[in-house]
Amino acid sequence: METILSRRAARHYSAAMEPEAVYAQIRAHIAFEHMLVAVLIASAVCGALKLAIGLAALALHGLSFDGALSAVYGGVAFACISFLVGFFAAVAIGLPLFLALERAKLRKTWPYVVAGFFIESFVAVALAGGTLTFSDLGADGWWLVFLPGVLAAILFGRRMRPVWRAAEKAESAPPLYRIH
């Protein structure tokens, strides 16, 4: 018994598809997975950094259970919000950016770093209520808001480097002919 989903999948990956289109889809799936892993790692690192900053400030001003609990909550909340923003950015901006850059054969990390910085800038302005001054950036770890997007982009570039090298090698290789 054939379902609608299996018919769609059969049409989607039909034998009539060009191999280049299949390879592009596979690279896009791999890139998305690498984006999610990079966002997850960057969010965890930035949440841990926020926790460390909170605990260091607590140690300077006197230890208390409420302060420690607040620092832990701040770190975990920052990591969770950072992951949700990063996931949305990977879906809405990262994957279309990857597809456009892949068509242009531009396999560099810097476009993703710039996009990550602008996404985090938008988030920082939204969190600040529409106005963000330079004095806000130094107070209370506001500078930490910019870190997850840039760090995720750098990690994504490092994780994609072998995939990009393999794609360049495959594109420069002579065509393979099969005799049936």
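This is a predicted model: local features need pLDDT of at least 70, side-chain atom pairs count only at pLDDT 80 or more; totals for chains, interfaces and linings use all residues.
Student: How do you know how far to trust the chain?

Tutor: Look at pLDDT, the predictor's confidence from 0 to 100. The mean for the chain is 83, and 80% of the residues reach 70 or more. Among the elements, helix α1 (residues 4-12) has the lowest mean, 55, while α3 has the highest, 91.

Student: Why is Arg107 called buried?

Tutor: Buried means under 20% relative accessible area. Arg107 has 8% relative accessibility, so it counts as buried.

Student: Why is the pair Arg107 and Glu171 called a salt bridge?

Tutor: The rule asks for a side-chain nitrogen of Lys or Arg within 4 Å of a carboxyl oxygen of Asp or Glu. For Arg107 and Glu171 the N to O distance is 2.8 Å, so the pair passes the 4 Å cut-off. Arg107 sits in the loop between α3 and α4 and Glu171 in helix α6, so this bridge ties together parts 64 residues apart in sequence.

Student: Which residues are linked with these two in a network of salt bridges?

Tutor: Arg27, Glu102 and Lys105 belong to the network along with Arg107 and Glu171. Glu102 meets Arg107 at 2.8 Å, and Arg27 meets Glu102 at 3.1 Å. Arg27 is in helix α2 and Glu102 in helix α3, 75 residues apart. Arg27 and Glu102 are both buried. By the same rule, the count comes to four salt bridges.

Student: What makes a group of residues a nonpolar core?

Tutor: Buried residues of kinds such as Ala, Met, Phe, Trp and Tyr, joined through side-chain atoms within 4.5 Å. The largest one here has 16 residues, and those with the most contacts inside it are Phe98, Tyr112, Phe156, Met160 and Trp164. Helices α2 (19-61), α3 (65-103) and α6 (147-172) each supply at least two of its residues. There's a second, separate core of six residues, including Phe78 and Phe146.

Student: How do you know that α6 has close to its expected span?

Tutor: Its 26 residues reach 36 Å from first C-alpha to last, against 38 Å expected at 1.5 Å a residue.

Student: Where does α6 bend?

Tutor: At Met160, by about 40°, with Pro162 following within four residues. Met160 is also one of the buried residues of α6, and those buried residues pack against α2, α3 and α4 (110-127).

Conventions
Residues are numbered from 1 along each chain as its sequence is written. Side-chain values use heavy atoms; hydrogens and water are left out. Buried means under 20% relative accessible area, exposed over 50%, partly exposed in between (1.4 Å probe, protein chains only). The expected span of a helix is 1.5 Å times one less than its number of residues. The bend at a residue is the angle between axes fitted to the seven residues ending there and the seven starting there. Contact means heavy atoms within 4.5 Å.
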